[in-house]
Amino acid sequence: MSEMNKINVDALENVAGGKDVQVKNPSVPYANLRKAPGLDAPIKCKLDNGDWVGTTGRKVTKDGYTWYEIAIKNGRGWVAGSLLGL
């Protein structure tokens, strides 16, 4: 994993209306934060397992997954719900 694409936990943003959840990917030690919901969407950055992230309350079903919008200080992105401790 490239350090350049790894997010700093300090960059996470707490968002009212959503809830804080923990990244929990059983396959690899990170989860991809994508620019849009869906497996074909470009990867914005990677979130480490164990990181706490704030959801915005928005979710979309696409490609067989429920995608949750995550807020970070430099924008927002989407993570598959199966990779979050919901």
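The side chain of Arg34 has a polar atom 3.3 Å from the backbone oxygen of Leu39, where a polar contact is a pair of N or O atoms within 3.5 Å, one able to donate a hydrogen and the other to accept it, with residues adjacent in sequence counting only if both atoms are side-chain atoms. This is a predicted model, in which local features need pLDDT of at least 70 and side-chain atom pairs count only at pLDDT 80 or more, while totals for chains, interfaces and linings use all residues. Residues are numbered from 1 along each chain, and side-chain values use heavy atoms, leaving out hydrogens and water.

- Arg34 lies in strand E2, residues 30–34 (strands are DSSP runs of at least two residues, numbered from the N terminus).
- Arg34 is buried (under 20% relative accessible area, with exposed over 50% and partly exposed in between, using a 1.4 Å probe and protein chains only), yet it has no salt bridge (a side-chain nitrogen of Lys or Arg within 4 Å of a carboxyl oxygen of Asp or Glu).
- The nearest side chain of opposite charge, Asp40, is 7.0 Å away from Arg34 (Lys and Arg count as positive, Asp and Glu as negative, and His and the chain ends are not counted).
- Leaving aside neighbours within four places in sequence, Arg34 is in contact (heavy atoms within 4.5 Å) with residues including Leu39, Ile43, Trp67 and Trp78.

**Exposure of Trp67**
- Trp67 counts as buried because its relative accessibility is 2%.

**The loop residue Asp63**
- Asp63 lies in the loop between strand E4 (52–62) and strand E5 (65–72), and its phi is near 55°, a positive value in a residue other than glycine.
- Asp63 has 40% relative accessibility, so it counts as partly exposed.

Notes. Helices (H or I, at least four residues) and strands (E, at least two) are DSSP runs, numbered from the N terminus.
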